Structures are given as C-alpha cells and as structure tokens.
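Reader: I would like to learn how to read local features in a model. Can we work through one together?

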Amino acid sequence: MAIKKLNDYNIANKKILVRADLNVPIENGNISDNSRLISAIPTIKTIQSLGGITILISHFGRPDGLHKEEFSLKQVVPELEKLLNFPVKFSSELIGINVLKKIDKLIAGEILLLENTRFFVEEEMNDESFSKELSKLGDIFCNDAFSSSHRAHASTVGVSKLLPNCAGHLMKKEIDTLENVLKKPQKPLTAVVGGAKISTKLNLLLNLIKKVDYLVIGGGMANTFLFSNGLEIGKSLCEKKLKETAQRIILEANKNKCKIILPHDVVVASEFAANANFSIKNVRDIDNSDMILDIGPSTCDKINEIFSISKTLIWNGPMGAFELKPFDKGTINTSVCASKLTRNGKLISVAGGGDTVSALKKSKADKDFTYISLAGGAFLEWMEGKNLPGVECLL
Ligand code: AMP
C-alpha cells in the first residue's frame with residue numbers, strides 16, 4: 001500500500017494536524033540555523049492552497065516532560081511568519097478544551113502552532129490516552145517529520161493510528177530520495193562513511209557492504225581498520241577492541257564484491273588542535289607520537305577517481321577532524337569533487353546524518369548535492385536498513 005499524500009484527501013475547511021520538525025538550534029536566544037523551518041514551509045503552503053487549516057505540532061529540545069519556557073516553541077513563531085509571509089497563531093497549551101476552542105475559531109488558510117509535544121512525558125512513551133488527546137486536534141494527520149520517524153512517539157506513531165493520515169512534502173521527499181539511492185540506485189553506487197568511531201556506525205557499515213560497490217572509509221574510524229590490518233597508528237583515535245569486527249567487515253565486503261577504500265596517506269599531527277604542526281605520511285610510516293587527523297592528498301585523488309566512475313553517492317561523516325584547520329582539507333577536497341560531478345549531471349549525491357551537514361556546508365558543497373537530509377538519526381537508521389516506525393505507520 002502506498003503512503004497517502006495531502007492531495008489524496010479533500011482538505012478544504014478541514015483541520016490538518018501537521019507533525020513537523022521545528023527543532024531548530026538556538027544560540028544566544030537566536031535561531032542559528034533555520035533550515036528545518038524552511039523545509040516545513042511547502043506542506044503548510046499546500047494546505048493553505050487547498051483551503052485547509054494548519055494545526056502545527058513539533059518537539060523542541062529536550063525538556064524531559066516538563067513545561068520549561070526555554071523550550072517553548074513560541075520562539076520560532078517570528079521566523080516562521082517571516083518565511084511564510086503569513087501570520088502564525090500560537091497556543092501555549094498543546095491539548096485540552098482551551099486549545100480545542102481556539103481551533104474551532106480558525107478559518108481556511110489560518111495556521112496555529114501548538115506548544116512543544118515534549119512538555120509531556122507521555123509523548124516519548126507513545127501513551128495511548130495522550131495520543132487520543134492529540135487526535136482531537138485535527139481531522140487528518142499529516143506527518144512531515146521524517147527526522148523523528150525512527151522513534152515511536154505519540155505525535156508521530158500514536159496519533160497516526162487514530163486519524164486518517166498522510167505524509168507531508170518533506171516526508172515524501174526524504175522517503176523517495178532514500179529509496180532511490182539505496183533500494184534502486186543507478187550503479188556503481190559508492191558510500192562514504194567517516195566520523196569518529198566504528199562503534200556508532202557498525203550497523204550502517206554492515207548494511208552498506210551488502211548494497212554498495214565501493215565503500216570509502218575515512219575519519220577516525222578508518223584508524224581502527226588500519227590498526228586491524230596490522231599497521232601502527234600511534235596516538236590516533238582508535239577502537240582497538242573492535243579489531244576483529246573491522247576484519248569481519250572487510251571479509252564480508254569481499255564476499256559481497258564491495259570494494260573497501262581505506263586511506264593510504266594521512267595527515268598527522270602531535271596533538272588534536274587547530275593549526276597544530278602537521279605532516280603528510282604514508283600509512284606504513286606512522287610512528288607512536290603521530291595522531292592521524294585527516295586523509296592525505298593522494299587518498300583524496302583516489303576517492304575522487306572513484307566518484308568519477310560512480311553514478312550514485314551516499315555520504316555520512318567527515319573524512320577528518322574537519323572542525324580544526326587544516327584537518328578539514330580532506331573533507332573539503334572530496335566533497336567539492338562530488339558536488340562538481342553532481343552539478344555536471346554525472347552523479348546523484350545524497351548526504352545526511354549528524355555532523356555531515358555542517359561538514360559539507362563548510363566546503364559549500366551542500367549547495368550542489370542532489371539531496372541533503374536534515375534527519376540525523378532517522379537518516380542513519382534508514383541507511384542501516386531498519387524500518388522506521390513513523391514511516392511504517394503511514395503505510
Ligand atoms: P560522527 O559524529 O561519528 O560523524 O563524528 C564526527 C566527528 O569525528 C567530528 O567531530 C570529527 O572531528 C571527528 N573526527 C573525524 N576524523 C577524526 C580523526 N581522524 N581523529 C579524531 N576525530 C576525528
């Protein structure tokens with residue numbers, strides 16, 4: 001069964017309960033990145049154009065089930081209004097008679113944002129009676145929060161079972177894109193996995209080696225693979241206990257005809273600090289005072305060569321300690337190459353998860369990538385091959 005869209009319903013004058021992800025970062029009282037609000041706009045505009053009423057709900061930060069003003073969604077109202085060029089009403093209550101009265105007064109096209117779903121412990125418990133209260137807020141439930149769909153919460157899963165449901169634009173776009181790259185990709189398919197540790201990305205690696213033609217491993221996690229191959233890695237970040245696991249991944253990859261690409265040259269320094277003295281070394285020449293902080297230029301060339309023969313690319317995690325100059329070079333060099341190939345129509349490139357988005361933004365490569373997913377954990381779980389409860393419940 002296919003997931004329904006807004007257009008599959010006659011929504012004129014209907015109240016559409018939209019679960020969005022408005023969880024934007026706040027620094028010194030200001031929104032430091034409004035990307036998630038921008039992504040929420042198309043669904044709201046569609047509801048307006050179809051004559052529906054938008055009732056918006058979302059989580060915001062981690063208030064741990066308590067009403068804490070610093071986690072009030074009221075803070076996003078001015079920016080939402082600016083992006084929509086339309087007034088957004090706000091209710092400091094999420095459920096109950098007062099909210100229902102407010103909703104009853106709304107007319108077609110109007111937008112009401114309700115307070116943080118995580119002000120209730122029942123939200124993360126996917127509590128049945130709380131879900132029932134949420135279901136009273138609308139006639140149709142529209143889930144537009146792919147980024148929250150890896151958790152079965154009341155505002156994603158619970159309520160979806162109590163109302164006719166559908167996926168919003170962002171949810172649909174994420175599902176379509178991720179299905180295209182992982183389930184029916186244009187081959188050769190390459191995955192780049194970087195970042196700090198293997199332990200947090202074990203399931204991801206195990207799933208990818210079954211699907212991809214090339215698996216590029218960079219960042220701190222590459223050190224564990226180099227160590228497991230018997231190489232000296234000095235003071236570098238390394239999960240020595242996962243030596244056997246790394247070997248098993250290499251073995252499984254071979255069985256699946258997935259070629260693993262590890263760095264053959266690296267940038268080393270004696271300390272984890274910006275502008276630390278550095279040198280470029282072959283991975284066979286590392287000594288015990290060295291700390292590997294980035295992939296080297298020759299490895300970048302090799303990775304870029306693989307990109308040029310690939311049709312599809314999935315990217316998660318930086319190639320080095322990209323927050324510290326000059327150890328951002330490997331990530332910048334390779335992501336710029338991927339973005340150029342994408343711009344020239346030669347590559348479909350999708351990135352997401354954790355630090356990946358900020359790493360790609362740093363190189364400005366994000367602009368040309370085919371798709372950048374803002375769904376951190378949900379993106380990773382999808383890539384691990386898991387079924388996401390927030391998506392399953394819409395089927
Ligand atoms: P993750 O959240 O697992 O994607 O990891 C991202 C983090 O990995 C970033 O903060 C990077 O600084 C860090 N990282 C990447 N490469 C290295 C490395 N060679 N040594 C230490 N940290 C690294």
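Predicted model: local features only at pLDDT ≥ 70, side-chain atom pairs only at ≥ 80, totals over all residues.

Reader: Start with the ligand. Which residues are closest to the ligand?

Author: The shell holds 14 residues, and the closest are A196, K201, G220, I292 and E323.

Reader: What polar atoms face the ligand at A196, I292 and E323?

Author: Take the backbone cases, then the side chain. A polar backbone atom of A196 is 3.0 Å from an oxygen atom of the ligand. At I292, a backbone N or O atom lies 3.0 Å from a ligand nitrogen atom. E323 uses its side chain: a polar atom there lies 2.5 Å from a ligand oxygen atom.

Reader: How much of the ligand's accessible area does the protein cover?

Author: On its own, the ligand has 510 Å² of accessible area, and the protein covers 82% of that. The space the ligand takes is the second largest pocket.

Reader: Which elements give two or more residues to the shell?

Author: Those are α9 (219-228) and β14 (291-295). By class, the shell has 7 nonpolar, 4 polar and 3 charged residues.

Reader: Last topic: the backbone. What is the general rule?

Author: Most residues other than glycine have a negative phi, and most peptide bonds are trans.

Reader: Where is phi positive in a residue other than glycine?

Author: D64 is one case, with phi near 55 degrees. D64 sits in the loop between β4 (53-57) and α2 (77-84), and is exposed at 58%. N275 is another, with phi near 55 degrees. N275 sits in the loop between β12 (265-269) and β13 (278-282), and is exposed at 61%.

Reader: Which residues does a cis peptide bond join?

Author: P188 is in the loop between α7 (169-182) and β9 (189-193). Another joins K325 and P326, again with omega about 0 degrees. P326 is in the loop between β15 (312-316) and α12 (329-343).

Terms used:
Residues numbered from 1 in each chain as written. Heavy atoms only, no water. Near = heavy atom within 4 Å. Polar contact = N/O pair within 3.5 Å; in protein donor to acceptor, adjacent residues only side chain to side chain. Areas by Shrake-Rupley, 256 points an atom, 1.4 Å probe, with all protein chains shown as cover. 1 Å grid on protein atoms, 1.4 Å probe; cavity = no way out; pocket = protein on both sides within 12 Å on 5 of 7 lines; lining within 4 Å. Sits in = over half its atoms within 2 Å of the grid points. Helix = DSSP H or I, 4+ residues; strand = E, 2+ residues; numbered from the N terminus. Nonpolar A, V, L, I, M, F, W, Y, C, P; charged D, E, K, R; others polar. Buried < 20%, exposed > 50% of the residue type's maximum accessible area, 1.4 Å probe, protein only.
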